[in-house]
Structure formats: C-alpha cells, structure tokens
Amino acid sequence: MTLRKTNPPRIVIVGAGAAGLNLATRLSRSLGRKKAAEITLVDENLTHMWKPSLHEYSVGTKGSDEEISLLEHSHRNRYNFRLGRFAGIDRDRCMVQLDPVNDLHNRPLAPLRSLPYDILVLAIGSRSNDFGTPGIKEHCLMLDTPTQAKRLQSELLNLFLRLETGALGKDHSTININIVGGGATGVELAAELREATEQLAHNGIDRLRDPGIVHIRIIEAAPRVLAALPEKVSKKVTRHLGELSVAVSVNARVQHVTSQEVHLADGTILPSTLTIWAAGIKAPEVVGTLSTLETGSLGRLKVRPTLQSTHDEKIYVIGDCAECFWPEKDGFLPPRAQVATQQAEFLEAQLTAHLAGKPLRNFHYIDRGSLVAISQEGAVAALMGKAIGTVTFEGWLARRAYNYLHFQHLSSVQGWLRAVVLTALGKAMRRVRPRLKLH
Ligand SMILES: Cc1cc2nc3c(=O)[nH]c(=O)nc-3n(C[C@H](O)[C@H](O)[C@H](O)COP(=O)(O)OP(=O)(O)OC[C@H]3O[C@@H](n4cnc5c(N)ncnc54)[C@H](O)[C@@H]3O)c2cc1C
C-alpha cells in the first residue's frame, strides 16, 4: 500500500451523517490532535441531523435547535469542514470533486472545487428507492434529508391549518395520509404523526378533536410490517398501531400514485390527501457516476471486509452507501445507524493502522438488536446478545433504550458532559415550550 508523501497525510471524509461525523470526531481527537493526519469533513449541509430522528423533525416534535452546526463542531474539534456537494473522484490525481452549493436564491455559497486526499472515506448515506413506480417523484413526499423533513413538517401543518380554516373545501371532510413502506421509518412516522395530530388538537386545530378526521394508513408489500425484524416485534408493533388507529394494509403492492389516490396492484384505489414514500433505500444517484468503483445491489459501493472499496485501497466506504458482506447471514449488512456507528468506530483504528503501514483488520458487525419507537413514550425492543439470546420488551423501558441510542451518538460526537447537558436542556425546553413546532 503506497501513500503519497504529504505531511501530515490528508484524510477526507465525505458525508457528515451517523457514520461520517462520528468518524471525523474520533479521528480529530486521535490522529488530528497528534498532528498525525489532517482531517477534512465535507457535507452539502451546514448542520448534522441524527437521521433516525427525521420522523420527529418531520412532524415537529423535534426542532432545528437540536441540529449540530458543522462549522462550530469542526472549530471546537479542530478538523476542517468544507461545504460542498460531492460530485465525483479523480482517482489518478487523488482529488474529490465538489459541485457548488447555492442558497435559496440560487446564489453560490460554496463554489465548484476539488480537494486533494491521501485517504478518502465515503459516507454519503442512502436515498429512498421508488423502484421506478410511476407517480412517486411527482406526488409523494420522502424522508431522506433534513430539507425533506422540514418540507413534510410544513406541508402537514399547512394541511391541518387549511382543514381548520375551511380552506380545504367542503369536499374534504377527512384527511387521508398514506405511508408506503412498513419498515422502521414508515412505522415510526405513522405513530409520531398520530401523536402529533392529538397534540395539534390541543394547540388550536380544533377540527382535529374529531378522532375520525385524519386517517393514517401504512401500505406494505410484505405479509407483515417490519418484515426484517423478528415476528414477535412485528406482532407487538401491529397491535400498538391498531391502538393508535393506524390502519395497516399488508401484501399490498403500490402500482402507481396520483395527486389524490394510491393505486394498488390488486385494483384497490385508496384516496390520498398526502402520500409519503418510505419503502426501501438505494445509494444516492452520484454513486452511479463513479464508474471506476464497483457497485452492487441497490447501487451501493462494494467493499472488502477491511471496508476499503474493492477497486481502490485508498478509498473506504461506510454506512448506508457501502455494500458490505455479512458472513453470519450470507447477505449484506442492513442500512442501519448501528452499522454506520460500528463502522465509524472500527475505521478510527483501521485508518491509524493504514497510515502506520500496519496490517489491516476485517470488520465484524455485532447485531445488538432493534428498537422501534411508537410515539414519544412507547417503543418495542428486540435486543440481542450472546448470553441473553433475543429478548423482546415494550413500553417505557424500550423507549428509554431507544432514547439512549441517540444519547450514545450525541455523546460520541459532542462528548459525554455536553451530551448530558444538551439532553437535560432539551427535556427542560420541552416542558416550557409547545410540544410541537407550530410554525
Ligand atoms: C426516519 C428514519 C428512521 C430511522 N430509524 C432508525 C433506527 O431506529 N435505527 C437504526 O439503526 N437506523 C434507523 N434509520 C436508518 C439510519 O438513519 C441510517 O442507517 C444511518 O443514518 C446511515 O448513516 P450514514 O452515515 O450512512 O448516512 P446518513 O446518516 O444519512 O448521512 C449521510 C450524510 O451524507 C451527506 N451527503 C449525502 N449526499 C451528499 C453529497 N452528494 N455531497 C455531500 N454530502 C452528502 C448528507 O447530508 C448526510 O449528512 C432510520 C432512517 C430514517 C430515515
């Protein structure tokens, strides 16, 4: 393995999400502090939002005050942050190409530019997969990015305001919200949405006091929701959804979507005021343009067990955009925050070894189970461990375990003390402010 002689070597991480921000923080505290490497983090956004909480941002139970400023974070942790949209790699010259990022008025915030690297880490996450279904791009909202979460929050609030003021018209005596995809995203969003409508009913949207006015439905092609998780979890979650009056259609494949309807393959037509698409993921489109790197299923970049890309040992890929073999399951690792976090932790030691010219290790994923939130107070957990096997539980304790996941992430990127203070402040603010963002 040959490293170009620069002093110190430049590690460029693209994507400041669950994997990238965690890795940049770790490296800045180890290699960066010792001046053994120059760490640069690139993102197309100025802030980091913990993606598993996107559904909470999208209904307004979390607000922008919980985002992490990448400018401030990089300054405090002494790494470089560069605003830019990743557009490609010149592997011969070891340069990352960045497209400009513009503001809302289309004025450039960051120009077209290239960044040199000695080691490149790609951590640009994933996007919703519409599987080429007609009408999705035009008529569905998705939940991949902070911008989309904010748009969904504003669409939902405006919809309920129009219902309250009568601007929806007399024909709209009910609101039908269809969520396509019964994975964790769809389930958590449906539950959060139901809770939000109940909150809004006590915050000025009186029409929502009628419990029959908002119909929420999850549409899932598999025979059960959360098909990737143990059946026990799926059954418990389905029961909770029933209690929240969330309808669930299983074995239901969406054929196409129009501005007011969802058409299923069996001929059923569901009225739809708002359709949200949360059915599976694929790699971001830019990955398809990286013709010199090998891609696999869902367009993700194939990696070796060391997490290096199969075609270039100077390029590592982690998180949702990596296709990493999972020997225990004879398949690929799932797109989960748990995988992204473990890969970031692993890569800190791996890159240190890489720079020192030491042998590299293989990444081993430890599946610690799954947690699915169903409202602000409830969750269903299936935790796994060698000693305990798989244990499922629900309710308050499961929700605390779910919250702890976010706390762990916050603690990794903000430090333990800051994470405790921020969590305590967040709780205090929720007591004195409306529980929902209402603007
Ligand atoms: C609503 C929802 C709920 C979820 N719940 C859970 C859960 O409970 N448990 C769990 O384990 N997983 C959950 N997930 C999945 C989890 O969020 C992802 O697996 C995880 O965030 C992947 O981390 P990542 O770093 O690969 O990508 P991300 O966290 O998505 O980060 C990618 C980063 O790359 C940046 N980026 C993307 N493209 C570019 C570009 N071209 N140029 C520059 N920057 C770019 C983005 O701005 C972002 O900062 C959930 C996902 C969603 C949407």
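## The second largest pocket

Ser259, Gln260, Ser272, Thr273 and Leu274 lie nearest the centre of the second largest pocket, which has 21 lining residues. A pocket here is an open set of points on a 1 Å grid over the protein atoms alone, where a 1.4 Å probe fits, with protein on both sides within 12 Å along at least five of seven lines; lining residues have an atom within 4 Å of a point. Its volume comes to about 380 Å³, counted as the space filled by probe spheres set on the points.

Elements giving two or more residues to this lining are α4 (136-139), β13 (140-142) and α5 (146-165), and α5 supplies the largest share, five residues. Helices (H or I, at least four residues) and strands (E, at least two) are DSSP runs.

## About the model

This is a predicted model, so to speak of local features takes pLDDT of at least 70, and side-chain atom pairs count only at pLDDT 80 or more, while totals for chains, interfaces and linings use all residues. Residues are numbered from 1 along each chain as its sequence is written, and side-chain values use heavy atoms, with hydrogens and water left out.

## The β17–β18 hairpin

Strands β17 (residues 254-257) and β18 (residues 261-264) pair in the antiparallel sense over three bridges; pairing takes at least two DSSP bridges. Three residues make up the hairpin link from β17 to β18, and Val257 has Val262 of β18 as its bridge partner.

## Glu56

Look in helix α2 (residues 54-59) for Glu56. Glu56 counts as buried because its relative accessibility is 2%, and buried means under 20% relative accessible area (1.4 Å probe, protein chains only).

Leaving out residues up to four places away in sequence, Glu56 touches Thr61, Lys62, Glu192, Gln376 and Arg399, with contact meaning heavy atoms within 4.5 Å.

How values were computed
Buried means under 20% relative accessible area, exposed over 50%, partly exposed in between (1.4 Å probe, protein chains only).
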